[in-house]
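Got your viewer open and a hand on the selection tool? Let's take a walk through this model, one stop after another.

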Amino acid sequence: MFWELPDDPRASLRWSLSKLRTVLNSEDTERLLADRQGVRLELQGIQVDYLAVRETVRDPAAAPDDLAKAWEMSDSEMLEDCELSNQPEFMIWLGQQRNELSRLRFEIAKRAALANQFSTIDSDRWAERWLTEAPFDHEAAENAVASKRAIGMEAQADQLQADLQRSFREAGLTPPEFSKEGHTAAGPVPNVGLAMKAAAPRQSIRFVQAKDKASIAWARVGDKNNPPLIKAANWLNHLELDWEAPIWSPLFRQLAETFHLVRYDERGCGLSDWDVPDIDFESFVDDLKLVADASGLDRFPLLGISQGAAVSIEFAARYPERVSKLVLFGGYPCGWRHTANEEEVREREAVMVLTETGWGRDNPVYRNMFSQSFMPDATVEELSWFDEFQRLTTSPGNAVRFLEAFSTLDVRHSLAKVKCPTLVVHSQRDQRIPLGVGVNMASQIPDARFCSVNSSNHLLLGREPASAQFVQAVRDFLLD
């Protein structure tokens, strides 16, 4: 397989062994042993990935980290591209070993999915893996649907249930009996610094239908007697999962203590419809108006974060009678297609291609590009949480559609039309949207106030002092 060999079989064997010895043997250890009866490998002191995976599965007390490591170790075909068509006995053995490895992966995924040491999000990921390894296993199918319900993804759970019922029937099998209850074996909320482990505040989630039939999920939380505050949607929100997030949970909890907070999931993500005809700036503005109307609020302060700031600016310019005050954080008035040079355009478009191909994979390397640019000061644990949060928030196709929509938005013409009191806040070392962008934007909004917070993060982590600074600035401004 590796070298040009003599035609004589015995000579070929001796030649191969001479090459392999240089790789396997060391000065003080002979691992490749040969005599007239055969050739064998001395395994002492050698790590064999297949054997390590097998030992983990055989250990009933294997820790969650060990299961995850065994899964990663086995995440490729055994002896890939090592088939020998002229050696039938070897091919029979190889087929048996590959089948055994598949069985081991099934056991790993099942044990991890049913364990109670993982977070609800991690349990859902393991449930998906289990179902992939055993697509016609009743228990795997029921667990996969229940895990979706446990993290608040009711629409996705219903769709998966319908797909599984159809696939079982098409295969001539009796479909599983699905429950409407969430998966009871889901584990604790992941430990992500100051991410809240307390139960989520009571919120009322409702749905409103846009003119293109897209269903938009929105929620209200906090005392109805408190002053109102509507937060414009931004990508990477999920009405249910936000309460476990190291970014959104502390912010929303603190705002809900002072205000009657109304928020919603952007079309194409979260609990809103993912399969929508339009993901563009006009639909973003229309959806904000739709939620404002559904909430029954005629006049209200408006909070816009990241690209939600541009949506809020446009809404305030179009409907000045409805917005009493405007708060913008980490905002920008136009997308990169309006300002980028040729090299930046190529780089950004390459990222979009990588996003479409890598967003839904178990390997988070593609999503991690965004995590680190959003939150360079995040810990490994926080980045890991955000990587998985992204995957559960939207699909790879929609992720690209969002990036394209953000790249072309332009509200520079609307800045001067904003008539309400405005507060612009920006992180001092924001690597995704530089501080100068926020300063320039504030300078073009009539009588806008500007303040910066001491952070490098585009999205503030709840544990950092800058997050408390931001909340206090919002309270002081809106209650003034």
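**First stop: a pocket**

Start with the second largest pocket, which holds about 990 Å³ of space. On a 1 Å grid over the protein atoms alone, a pocket is an open set of points with protein on both sides within 12 Å along at least five of seven lines, while a cavity is a set where a 1.4 Å probe fits but cannot get out; lining residues have an atom within 4 Å of a point. Grid points are joined across faces, edges and corners, and a volume is the space filled by probe spheres set on the points.

To find your way in, select Tyr-332, Trp-336, Arg-348, Arg-432 and Ile-433, the closest to the centre among the 37 residues of the lining. Next, colour helices H11 (342-358), H12 (365-374), H14 (396-408) and H15 (435-443), the elements that each give two or more residues to this lining. H11 has the largest share, with five residues. Helices (H or I, at least four residues) and strands (E, at least two) are DSSP runs, numbered from the N terminus.

Colour the lining by class and you get 21 nonpolar, eleven polar and five charged residues. Here Ala, Val, Leu, Ile, Met, Phe, Trp, Tyr, Cys and Pro count as nonpolar, Asp, Glu, Lys and Arg as charged, and the others, Gly among them, as polar.

**Zoom out**

A word on what you are looking at: this is a predicted model, where local features need pLDDT of at least 70 and side-chain atom pairs count only at pLDDT 80 or more, while totals for chains, interfaces and linings use all residues. Residues are numbered from 1 along each chain as its sequence is written, and side-chain values use heavy atoms, with hydrogens and water left out.

Switch to cartoon view and you have 16 helices and ten strands. The C-alpha trace spans about 95 × 55 × 40 Å along its principal axes. Of the 480 residues, 49% are buried (under 20% relative accessible area with a 1.4 Å probe, protein chains only; exposed is over 50%, partly exposed in between).

Helices H8 (248-258) and H16 (465-479) each supply at least two of the lining residues. By class, eight are nonpolar, two are polar and none is charged.

**Two helices side by side**

Now select H2 (residues 49-58) and H3 (residues 64-73), which pack at an angle of about 145° with their axes 9 Å apart. Axes are lines fitted to C-alpha atoms, for helices over the stretch in contact, and angles run from 0 to 180 degrees between N-to-C directions. Show side chains for Asp-49, Ala-52, Val-53 and Thr-56 of H2, and for Asp-66, Leu-67, Ala-70 and Met-73 of H3: these make the contact (heavy atoms within 4.5 Å). They divide into five nonpolar, one polar and two charged.

Most residues other than glycine have a negative phi. Go to Asp-81, in the loop between H3 and H4 (88-114), where phi is near 65°. Buried or exposed? At 63% relative accessibility, Asp-81 counts as exposed.

Last, select Lys-213, in the loop between strands S3 (203-209) and S4 (215-221). Lys-213 has a positive phi of about 75° although it is not a glycine, and its relative accessibility of 58% makes it exposed.
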